[in-house]
Amino acid sequence: MIAEASIQALEQTRTAESDLLDCMRKIGKGLIASGVSAGVVENTLTEIAMAYGTQCEIVALPNVILIQLGHSSHGQVDAAVQRLASLQLDQVSELAEMIDKVRQKKVPLDQANQELDRILTKQPRFKPVIVFLGYFLSCIGLTMLFRPDPRSILVAGAMGILVGLMLWGFQRQPRFNILLPVIVSIVVSTLIFQLTRLGFIYGPANLLIAPLVTFLPGGLLTTGMIELASMHILSGSARLIYGGAVLALLFIGITVGLNLSNLPDYQVYAFRAVSFPWWAPFLGTLLFGFGTYLRLSGANRDLFWMLLVLYIAMLAQVFGEQSFNSYVGAFLGAMMMTLSSELIARSPQRTPAVASQMLAFWFLVPGARGLLSVTSLLTEDLQSAATGLGQMVMLILSITLGVLLGTLLISPQKFVPVLAESGRPQKSH
């Protein structure tokens, strides 16, 4: 009887560990798809394991996660591959809620696993026509921030709808995903450069930004810099290399588009309006935020808080730019974005910081300046291209420092590795 009871207890323990391992694997995949840094993934999973009294070792990379529960000689090991895809905003919000419930042991593990399966396979909230509207609004909103003239807004909005249609169409042809940035940038740049050649618009370089914003790797590059600062060398360098490769693919597509349009090189420049209506930045920010909310399938309860964080980041960025320069503006915008989103996450509304930050992160778009700099290569203006790339690096560093400082002020242990043996942050030596 004692032996049978021991065997049953051992089987129950193994079953509980299997459920916990399965839950941690799904949470890890969801966090990776949410775009959070490798350090946050490892700390979150370590805290969950410690909540259940289990030792663990976690290795998180941008698309691979390794989990070991228990001692090294007898522990269970699991591995998962998460392709470089992004969760919808409502999925990110629900995932954060479920992580809190699992960490606080408010839900049984088997029920948590079922709920995680539902969250990770959830379909977009909005129909394709609403998503196309989101692309349209986000493109015209972003364009209003630097050239709020009717023709530019019309072209940007039309290109946004076209990009949305192309992305929707290519969902049924996944084998072309690797060439998607090239194909979309060829079509968009050819049309914009052709309209320039016909005299309908001028200064087309920055009109390419809004329609291609979904491909710009600004957030990816910033996360990579955060990981390097957190000593996650493999993850950080991999993200930086991938972000640079995406910019290169966009440049190839734009180059092909310029050749197809036969536009003279000297007409490829970025026009920026000298005077703005006072309401243009506010309306443009609102349209960009709401459009991004639609195309990324945000949750209704999170909309107000995401827009609030977006406006806080925008006002802080404008104040920094007008008082100092664009680098200080990016730094202040990122810091205020982080502080406000973390405070909201602790409020009764419980909108997770990673969800409320999303619109503001897209708004800061450090990759946009990188696209302008590589576009300068089309005119063989190597000096402008080198200067633009240097400015992009400085902007990414400014945003990274803003995010790190904001996080350290309100959540000082977020990027500090958690010791699996104690569940406490690791002390620096």
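This is a predicted model: local features need pLDDT of at least 70, side-chain atom pairs count only at pLDDT 80 or more; totals for chains, interfaces and linings use all residues.
Biologist: What percentage of the residues in the protein is buried?
Modeller: Buried means under 20% relative accessible area, exposed over 50%, and partly exposed in between, with a 1.4 Å probe and protein chains only. Of the 429 residues in the protein, the buried share is 51%.

Biologist: Among contacts between residues at least 6 apart in sequence, what percentage joins residues at least 24 apart?
Modeller: Contact means heavy atoms within 4.5 Å. Among the contacts between residues at least 6 apart in sequence, the share that joins residues at least 24 apart is 72%.

Biologist: Are helix 8 and helix 9 roughly parallel or roughly antiparallel?
Modeller: The axes, which are lines fitted to C-alpha atoms over the stretch in contact, with angles from 0 to 180 degrees between N-to-C directions, come within 7 Å for helix 8 (residues 218-229) and helix 9 (residues 233-261) and cross at roughly 155 degrees. Angles under 35 degrees count as roughly parallel, over 145 as roughly antiparallel, 65 to 115 as roughly perpendicular and the rest as oblique. Helix 8 is therefore, relative to helix 9, roughly antiparallel.

Biologist: Where is Met-231 found, and is Met-231 buried or exposed?
Modeller: Met-231 is found in the loop between helix 8 and helix 9, and has a positive phi of about 65 degrees although it is not a glycine. Most residues other than glycine have a negative phi. With a relative accessible area of 69%, Met-231 is exposed.

Biologist: Is Ser-297 buried or exposed?
Modeller: Ser-297 lies in the loop between helix 10 (280-295) and helix 11 (303-323), and its phi, near 60 degrees, is a positive value in a residue other than glycine. Because its relative accessibility is 3%, Ser-297 counts as buried.

Biologist: How many nonpolar residues are in the contact of helix 5 with helix 10?
Modeller: Helix 5 (residues 128-143) and helix 10 pack at an angle of about 155 degrees, with their axes 7 Å apart, and are therefore roughly antiparallel to each other. The residues in contact include Leu-133, Gly-134 and Leu-137 of helix 5 and Leu-287, Phe-288 and Gly-291 of helix 10. Ala, Val, Leu, Ile, Met, Phe, Trp, Tyr, Cys and Pro count as nonpolar, Asp, Glu, Lys and Arg as charged, and the others, Gly among them, as polar. By class, the contact of helix 5 with helix 10 has one charged and six polar residues, and the number of nonpolar residues is 11.

Biologist: Which residues is Val-64 in contact with, leaving aside its neighbours within four places in sequence?
Modeller: Val-64 has its place in strand 2 (residues 64-69), and at 27% relative accessibility Val-64 counts as partly exposed. The C-alpha atoms of Val-64 and Gln-82, 18 residues apart along the chain, are separated by 5.9 Å. Leaving aside its neighbours within four places in sequence, Val-64 is in contact with Ile-32, Val-59 and Ala-80.

Technical notes. Residues are numbered from 1 along each chain as its sequence is written. Side-chain values use heavy atoms; hydrogens and water are left out. Helices (H or I, at least four residues) and strands (E, at least two) are DSSP runs, numbered from the N terminus.
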